[in-house]
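This report covers charged side-chain pairs and a surface patch in one protein model. The sequence and structure come first.

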Amino acid sequence: MSFISPIPRLPEVSQLPTLHVEALVKSSGDGIIVRTDLIRDEVTKWLVDKFVVLSIGQKIFSFGGLDESHAQALDAILVVECSGGNLDTGTYRLQQVELDVQAYQLRTKFEQKSSRHSHTPDDSIDNEEDEFNARTLALPSMDLDGLWESLQFDQPIQSKLLSAISRMVSFSMRRLGKWTINWNRLILIWGPPGTGKTSFCRGLSQKLAIRLGKHYPRSKLFEINAYSLGSKFFGESGKLVSRMFENIELLLEEEEDTFVCVFIDEIETLAPRRDRALRGNEPFDAIRAVNALLTGLDKLKEHPNVIVVCTSNLITALDQAFLDRVDIKQHIPQLSTRPIYKIYKDCLEELGRHGIIEGTFFDVVQVTPNDPLQYVEQPAEQLILPPFDEMIMHYKAFPDAAPKLLADAVFESVGLSGRTIRRLPALSLVLYNNSARCDVRTAIQALRVAIASETQVKAEAMAEGHSGATTDQRPIRAQGLICGSGWGCGMETARSFVPFGGVARQSLSKASTRASSSTAGAESANSPFHLTLAASAATAVALGSAAYLYGQEAFAMTPAEEGLHPTAYPWEHAKWNKTFDHQALRRGFQVYREVCASCHSLTRVPWRSFVGVMHTVDEMKAMAEENEYDTEPNDQGEIEKRPGKLSDYIPAPYKNEEAARAANGGALPPDLSLIVKGRHGGCNYIFSLLTGYPDEPPAGATVQEGMNFNPYFPGTAIAMGRVLFDGVVEYEDGTPATTSQMAKDVVEFLNWAAEPEMDDRKKMGVKAITLLTGLFAVSVWVKRYKWSPIKTRKIVYSPPVPRR
């Protein structure tokens, strides 16, 4: 798609390193947007005039000398990072760097709702279904503030990708030749679960919106719910994916000055390997969804103001065509000791700021030069833990120091997911500490207990996944969790009952011995019931075996050993509680009339059977009247022609069998009235036959002249060629007429033609089961309360005693 838009102002080329500074503008909360471009220029001049040196991470809250209106609008100024050049000192002279100031204002929830309802109600991008499949978030968002800074990695992944993608968008703004420079601006973030991939992508979109604020004054995050694009209806998944990308294109065309970041989480849901999908239950539907995704990605690269970011846990499960389109593939590894320590440090200090952990200060001092180092731990207003490098250098020599204990917990946490690591500090205090406020040592001790529990659960899960773990020890651990007196009390309780086990078993054996004589009579008295139960079970097994062996559906043609066996598809109408899809029946009849009726007859189906099922009376009358039928001989013995009536049967395309063979090269097209019941495999066979024509016969296969190769047909040589192609029929309801869709519809129609009473039969079956269930319950009640007393009563005749 080609369109003309003004080219945004491009950044100036500079050989100096770029120092990135972010100026946060206050959000009023009432939806008022401030001119950030004016504040950006004013802050740049102010920094050059007031500062000589700036440091990474430096925050500025005092704005003396800045214009008063701008100073009141600013919340804070943060020095973020330095990109380009070889300077890596953390402190930079402004004369040696190029200053890049970005002023931004966080969008509130009020502004999100306002922008969401700014479209018309008829706009397809904002209907309820599309809002469920995706959400649009105006950037920079207050909901994502601080997310990027909270991420911890070993390598500088954040700055590397942020700088690379910013340059990628900058290059795309120059309108490079699309046939010369072929890239898709598609980024894949992959790695094991729980490493922060989803948070990384959302934070990346937030930072890109800030970094590109000079060129794109507005930015949006278009987050697609991949799982919601899958549908149980045949062919619907591909339509949903196509519609989603059409909405994205519409957004890009309407807002050319808006930077859009498309985020797809768990991309393996939409882009699985198509060679594996062919072996699934719905191969054509899965392949169609992948094709729609690839087509949508190819269309998006025409727009310079969009990037697509995806995440995946299983890169080996992705389609090769999708991986070939990915420009940047970034692996997110499991966390190592340094980022784990930083996460634990931030979490514990956050708990300390809210009064859950007591404030403590740590230090290592040396009173005199000759004295050894001493560890100092003192109460303080807030909890302040040393950084990782300082802990390694100074606190490693003190085994009982709190930072060293935290480091030990860090080493025990290696291998756990980042999601688990972030929740353990607070979760451990909930599970393993009963007080509302504790010291840092108690918190670290509870943390180590939680780490040990998570590690044990993970080890057991892995063991069960490989060889199946035994579960005889799990009830003992469960007792320990329930007991409130302390950890491990469940184990001690279980052990305390062991000495009494022998006494209990001896008492039980004696009681059983004493009761054996008395229960023998009862067992013998109840033996008829057990005999009846055993006989009933044996009868049920016998009937079930006979039904399984001899109750299978019989077919007139069963060449099971010849030809390729068709795939078993989950036909909805074949389920006992499902009916025919009448829209599919109508489409299938349309496929039969326009494609199949020229050769195949349907002589056992009358026109009247369509009324109320898929067509109205007037529609079927009009179809019947299009055909002429012979009348009864008149007085002169002549047979005239009359228009068709609803009581007539569908006429055959040929007058007789000889005419059919002559028109088809000696082959006789079979009648399709009972074809589903007359072929082994039924619907699966016919669907596989219609969609199983390859473009070329496989190597080594020979086909006679005039025949066509089809692996599902017995003998693999069939006179009928492929008749279903994409778009050969134009459906009335707008359904895409793909090959698999037409084959599915016509197969379901032919199943109805062979068994039009199926829906009524299922309804009658449900009524019969309901009625018989009620009658059975009534018969049980009558036998138990009416007949049983009569049957078991004892009549005693007492003859009269004669009087003396």
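## Salt bridges and a surface patch

Lys404 has a relative accessibility of 16% and therefore counts as buried. The model is a predicted one. The partner of Lys404 in a salt bridge is Asp408, with 2.8 Å between the closest N and O atoms. Asp408 is partly exposed, because its relative accessibility is 22%. Both residues belong to helix 14 (residues 402-412), where they sit four residues apart, about one turn of the helix.

In total, the structure holds 28 salt bridges.

| Pair | Closest N to O distance |
|---|---|
| Arg202 and Glu223 | 2.5 Å |
| Asp408 and Lys404 | 2.8 Å |

Arg202 and Glu223 form a salt bridge. Arg202 lies in helix 7 (residues 197-211) and Glu223 in strand 9 (residues 218-224), so this pair ties together parts that are 21 residues apart in sequence. Arg202 is partly exposed at 25% relative accessible area, whereas Glu223 is buried at 7%.

Glu255 is in the loop between helix 8 (236-254) and strand 10 (258-264), and Lys220 is in strand 9, so the pair ties together parts 35 residues apart in sequence. Both Glu255 and Lys220 are buried. Elsewhere, a network of salt bridges links Glu22, Glu149 and Lys207.

The surface also carries a nonpolar patch formed by Val778, Trp781, Val782 and Tyr785, which together have about 410 Å² of accessible area. Trp781 is located in helix 25 (residues 758-792). With 46% relative accessibility, Trp781 counts as partly exposed.

Technical notes. Residues are numbered from 1 along each chain as its sequence is written. This is a predicted model: local features need pLDDT of at least 70, side-chain atom pairs count only at pLDDT 80 or more; totals for chains, interfaces and linings use all residues. Side-chain values use heavy atoms; hydrogens and water are left out. Patches are made of residues with over 30% relative accessible area and no salt bridge: like charges are joined within 9 Å, nonpolar side chains (Val, Leu, Ile, Met, Phe, Trp, Tyr) within 5 Å. Accessible areas come from the Shrake-Rupley method with a 1.4 Å probe; for residues, only the protein chains shown count as cover. A salt bridge is a side-chain nitrogen of Lys or Arg within 4 Å of a carboxyl oxygen of Asp or Glu. Helices (H or I, at least four residues) and strands (E, at least two) are DSSP runs, numbered from the N terminus. Buried means under 20% relative accessible area, exposed over 50%, partly exposed in between (1.4 Å probe, protein chains only).
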